[in-house]
Amino acid sequence: MRAAADDTPTLPEDPAALRAMLLAAWAERDDAVAERDALAARNERLRHLLGKLQRMQFGRRSEQLPEHQLQFAFEEVEASLAGNEAEAEKGSPELRKTNTAQRRAGRGRLPAHLPRVEVVLMPESTACPCCQGALVEIGTDTSERLDVIPAQFQVLVTQRPKLACRVCAGVVVQAPAPARLIEGGMPTEATVAHVLVSRYADH
C-alpha cells in the first residue's frame, strides 16, 4: 500500500523555480475566478430573462409584460453577447478570423438566377515595382454584393486580380478593395438607399 506522502508532487529546491510555479498557479486561479464570475453574471441575466418570460406566459393579465419590453430584453442580451464577442476577438486574431468565416458561411450565396455584373479592378500599374517587368496574374479575389436597380435586382461581382512578377520573388500587386457602406456586408449603397426609401418614404 502506497503511503499518502507518495502522492504529493515533488517541488524544486530552487527558490526562483518555486516562485515561477507560484506565479503560474496564481495566474490560473485568477483566470478561473474571472471565468466563474463571467458565467455567474451571464446565468443571472438568463434567469432574469426567464423570469420575464414566465410572467408573460403564466402571470395574471395585470402582471404580463408587454411584448415590446420583452423584445427590448432580447435586444439587450444580444447586444451584450455581441460586445463580449467583440472584446474576445480583439485579443485573439485567430478567433476573429474564425468568427468572420462562420458569419460569411452562414450568409450563404446570392441567388444564382440574378444577373451578374462583373467589375474588374486592376492595379494602377501592372509593372513590377522592383524591376519594372510585366506582372502576371496569379489569382483573383471575388466578392458578391446585392445591388438594385429600381424594380430590378442584380449581383455586383467585383474581381481583383493578383499580379506577380516572374523575376522578383514575393512581389504581388493587387488593387485595393472598394470601400463598403456596411463593412463585410452584401448590399451596395443603392440597395441600402432603396430599402430606406421603401420603408420610410414609400411606406
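A nonpolar core is a set of buried Ala, Val, Leu, Ile, Met, Phe, Trp, Tyr and Cys residues joined through side-chain atoms within 4.5 Å, where buried means under 20% relative accessible area, exposed over 50%, and partly exposed in between (1.4 Å probe, protein chains only). Keep that in mind as we walk through this model, which is predicted: local features need pLDDT of at least 70, side-chain atom pairs count only at pLDDT 80 or more, and totals for chains, interfaces and linings use all residues. Residues are numbered from 1 along each chain as its sequence is written, and side-chain values use heavy atoms, with hydrogens and water left out.

Let's begin with the overall layout. The chain has four helices and four strands, read as DSSP runs numbered from the N terminus (helices are H or I, at least four residues; strands are E, at least two). Starting at the N terminus, their order is α-α-α-β-β-β-β-α. Of the 203 residues in the chain, 18% are buried.

Now to the inside. The largest nonpolar core consists of seven residues: Cys128, Leu135, Leu163, Cys165, Cys168, Val171 and Val173. Apart from it lies another core, of five residues, including Leu110 and Val155. Leucine 163 has contacts (heavy atoms within 4.5 Å) beyond its neighbours within four places in sequence, among them Leu135, Val171 and Val173.

Next come the charged residues. Side chains of opposite charge can pair when their charged atoms come close. A salt bridge is a side-chain nitrogen of Lys or Arg within 4 Å of a carboxyl oxygen of Asp or Glu, and the whole structure has five of them. Aspartate 141 pairs with arginine 160, their closest N and O atoms being 3.6 Å apart. This pair links distant parts of the chain, since aspartate 141 sits in strand β2 (residues 135-149) and arginine 160 in strand β3 (residues 152-165), 19 residues apart. Aspartate 141 also meets lysine 162 in a salt bridge (3.7 Å, N to O), and Asp141, Arg160 and Lys162 are linked in a network. Arginine 160 counts as buried because its relative accessible area is 17%, whereas lysine 162, at 27%, is partly exposed.

Finally, look at threonine 191 in helix α4 (residues 189-202). Its relative accessibility is 5%, so threonine 191 counts as buried. Leaving aside neighbours within four places in sequence, threonine 191 touches Leu146, Asp147 and Val148. A polar atom of the threonine 191 side chain lies 3.5 Å from the backbone nitrogen of valine 148.

Note on methods. A polar contact is a pair of N or O atoms within 3.5 Å; within protein, one must be able to donate a hydrogen and the other to accept it, and residues adjacent in sequence count only if both atoms are side-chain atoms.
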